[in-house]
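Subject: Structure handover

Hello,

Here is the structure I promised to pass on. Please open it alongside this note.

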Amino acid sequence: MSSRLEARSDEGTRITNTKMKSFVEYSPDTDFPIENLPYGVFSAPNNAQNRIGVAIGDLILDLYEVSHLFKGPLLKDKQNVFKEETLNSFMGLTRAHWLEARTAIQGLLDVSNSTLQRDDELRQRAFVKQSEAKMHVPAKIGDYTDFYSSIHHATNVGIMFRGKDNALLENW
């Protein structure tokens, strides 16, 4: 399945890549071709543990199952980030790590790479149908404060917008 990728370089020039071709079959109008591999967290009927994966066509590539294949200079010692139940640790890495991961994943899915394509046992473990997966919140969000959870914060904001005499609305 070949697709076309259009992007802009840092200089703003258009880059078109028509050479990527995945061994995974998918519809030409899929939202998840080899050029667009969105990360997510899922669980499957045969494995209730939350796992990190990327969508490819109608499938999810389970990165837990293929993490040992991330052998680039940045990720070879960081493979554990794909064995966690959220994307937090992976998101905490650098852009260079993310680019290396994207390149490695696209390489594993490339039609010319036999590593995953010809390993029936690994392929059976590594791919899950999206229709059978349950998606989960991909990250734990920390350091968030709902200022309206406190009467003091709500009063302060109300004073800024409505003045001291009408700081809190009736529905507070």
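Below is what was found in it, starting with confidence and ending with single residues.

**Confidence**

This is a predicted model. The chain has a mean pLDDT of 88. Of its residues, 86% reach 70 or more. Confidence is lowest in strand S2, residues 14-17, where the mean is 45. It is highest in strand S5, residues 59-62, at 98. Residues 1-9 also need a flag: their pLDDT is below 50. Even so, that stretch has 34 contacts in the model beyond near neighbours in sequence.

**Overall layout**

The chain has 172 residues, and 35% of them count as buried. Its secondary structure comes to six helices and seven strands. Along the sequence the pattern reads β-β-β-β-β-α-α-α-α-α-β-β-α. Contacts between residues 24 or more positions apart make up 51% of those with a separation of 6 or more.

**The sheet**

Five strands form an open sheet. Their order is S6-S5-S4-S3-S7, and the pairing is antiparallel. Strand S6 (127-129) and strand S7 (134-136) are the edges, each pairing on one side only. Neighbouring strands are turned by 45° against each other on average, direction ignored.

Strand S4 covers residues 47-56 and is joined to S5 by four bridges. The two run antiparallel. Ile56 stands opposite Leu59 in S5.

Helix H3, residues 95-109, lies across S3 (39-44), S4, S5 and S6. Helix H3 runs at about 55° to S3.

**Salt bridges**

Side chains of opposite charge can pair when their charged atoms come close. How many salt bridges does the whole structure hold? The search finds five.

The Asp62 and Arg51 pair has its closest N and O atoms 3.0 Å apart. Asp62 is in strand S5 and Arg51 is in strand S4, so the bridge ties together parts that are eleven residues apart in sequence. Are the two partners buried or exposed? Asp62 is buried, at 4% relative accessibility. Arg51 is buried too, with a relative accessible area of 5%.

Arg125 and Glu65 form another salt bridge, with 2.9 Å between the closest N and O atoms. Arg125 belongs to helix H5 (residues 120-126) and Glu65 to helix H1 (residues 63-66), so this pair links parts that are 60 residues apart in sequence. Glu65 is buried, with a relative accessible area of 16%. Arg125 is partly exposed, at 37%.

Arg125 also meets Glu121 in a salt bridge, at 3.2 Å from N to O. Both residues lie in helix H5. They are four residues apart, about one turn of the helix. Glu121 is exposed, with a relative accessible area of 57%.

These pairs belong together. Salt bridges with shared partners join Arg51, Asp62, Glu65, Glu121 and Arg125 into one network.

**The annotated positions**

UniProt places the feature "binding site" at Tyr148 and Arg162, in an unreviewed entry. What can be said about the place of Arg162? Arg162 is in helix H6, residues 151-162. Arg162 is partly exposed, with a relative accessible area of 33%. Leaving aside neighbours within four places in sequence, Arg162 is in contact with Ala167 and Leu169.

**A loop position**

Pro138 is in the loop between S7 and H6. Pro138 is partly exposed, at a relative accessible area of 35%. Which residues does Pro138 contact, leaving aside its neighbours within four places in sequence? They are Val41, Thr86, Leu87 and Asn88. Asn88 is 50 residues away along the chain, yet the C-alpha atoms of Pro138 and Asn88 are separated by 8.0 Å.

**Where to look**

Keep the pLDDT below 50 over residues 1-9 in mind.

Best wishes

Definitions and conventions. Residues numbered from 1 in each chain as written. Predicted model: local features only at pLDDT ≥ 70, side-chain atom pairs only at ≥ 80, totals over all residues. Heavy atoms only, no water. pLDDT = per-residue confidence, 0-100. Contact = heavy atoms within 4.5 Å. UniProt positions renumbered as here; feature names shortened; annotations may be inferred. Buried < 20%, exposed > 50% of the residue type's maximum accessible area, 1.4 Å probe, protein only. Pairing = 2+ DSSP bridges. Axes fitted to C-alpha atoms, helices over the stretch in contact; angles between N-to-C directions. Salt bridge = Lys/Arg side-chain N within 4 Å of Asp/Glu carboxyl O.
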